[in-house]
Amino acid sequence: MPGVGLHGEWHFQRLKHPRVDVCTIEKVGSSPWRGVVHTLNKEEAGNGTTLRDEEKQEEPFRIAIFRDPLARFLSAYLDKCIETQSQHCKPEAIFRFANPKQGLPPLDNSQQERLLHTIRQNPKQRFEAYVDAMPLMWDVHFFPQSLYCDGIYRFWKGYDYVGNMSERATFHKSLDELVTKMGGRFETLVRERFNLPATINSEAETTTPATLIRHSNGSVIADGNLNVGGNHATGASSLVQQYYTPQSVRRVLQYLSIDYTLLDLDIPDWAEDMLAEV
């Protein structure tokens, strides 16, 4: 379907007023961002607001947020394969244990049942099996973040705000600064959809220093790990030890190393420690 791949309008959310473009990536707060943009654009249409010519010519404020690739991969797995067993968990014949047509018996035959009985009982084994089989049928929730938004790895350094959901307190603070600056309904909706506190906890800030890294062009690079709201939040960052093994860490890094390299992301300490155990 045009525009629903890793490019096109599905991954560029364009807010008309104020002029804001958001690169939305699955499992990186995309649902809240789409909610914010759609709500504000609908309100503008209802108010009959039209942009002045000079506003139409203004360059939009561009926003992108990234996430640790290992945590994002696990979040997608938990959301699509464990909590909902949705059509996005592929190959379906292996990882969906119920018939998608309601009321019909499970898809499993006796041979498949015997093969999969053991791994179903062991979260690490089941996740490892998924990691091995997933490349047979890539799903939009698992692709490297670098490839979204027409290959954002080529453009992200020119964005006005780039967030990284790795350290919660820092990201809270940087996003708070952004929405406070924007103000209005944009601020209200972002705080609501992202569960962003009205005031940032000073104690949390001292635990994780809120430093903003800036590129030479002035764009802000913010580090953070936000508890993103919405129906698809999984808390994957706190579950990595329960699902990953050294083998699955190594394999997912093979799939997603492009993100660590091209988006200037750091491999988390827990992953390096796990690999060192082997």
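This is a predicted model: local features need pLDDT of at least 70, side-chain atom pairs count only at pLDDT 80 or more; totals for chains, interfaces and linings use all residues.
Residues are numbered from 1 along each chain as its sequence is written, and side-chain values use heavy atoms, without hydrogens or water. Local features need pLDDT of at least 70, side-chain atom pairs count only at pLDDT 80 or more, and totals for chains, interfaces and linings use all residues.

**Strands.** Helices (H or I, at least four residues) and strands (E, at least two) are DSSP runs, numbered from the N terminus. Strands pair if DSSP finds at least two bridges between them.

| Pair | Direction | Bridges | Facing residues |
|---|---|---|---|
| S1 (residues 12-15) and S2 | antiparallel | four | Arg14 and Asp21 |
| S2 and S3 (residues 61-66) | parallel | four | Val20 and Phe61 |

A hairpin through four residues connects S1 to S2. In S2 (residues 20-23), Val20 and Val22 point one way, Asp21 and Cys23 point the other way, and all are buried (under 20% relative accessible area, 1.4 Å probe, protein chains only).

**Helix H9.** Helix H9 spans residues 184-193, and its buried residues are Phe186, Glu187, Leu189, Val190 and Arg191. Just after H9, Asn195 has a positive phi of about 55 degrees.

**Negative patch.** Asp264, Asp266, Asp269, Glu272, Asp273 and Glu277 form a negative surface patch. Patch residues have over 30% relative accessible area and no salt bridge, and like charges are joined within 9 Å; a salt bridge is a side-chain nitrogen of Lys or Arg within 4 Å of a carboxyl oxygen of Asp or Glu. Glu277 lies in the segment after helix H13 (269-276). Glu277 is exposed, at a relative accessible area of 64% (exposed means over 50%).

Notes. Patches are made of residues with over 30% relative accessible area and no salt bridge: like charges are joined within 9 Å, nonpolar side chains (Val, Leu, Ile, Met, Phe, Trp, Tyr) within 5 Å. Accessible areas come from the Shrake-Rupley method with a 1.4 Å probe; for residues, only the protein chains shown count as cover. Lys and Arg count as positive and Asp and Glu as negative; His and the chain ends are not counted. The place of a charge is taken as NZ of Lys, CZ of Arg, CG of Asp or CD of Glu.
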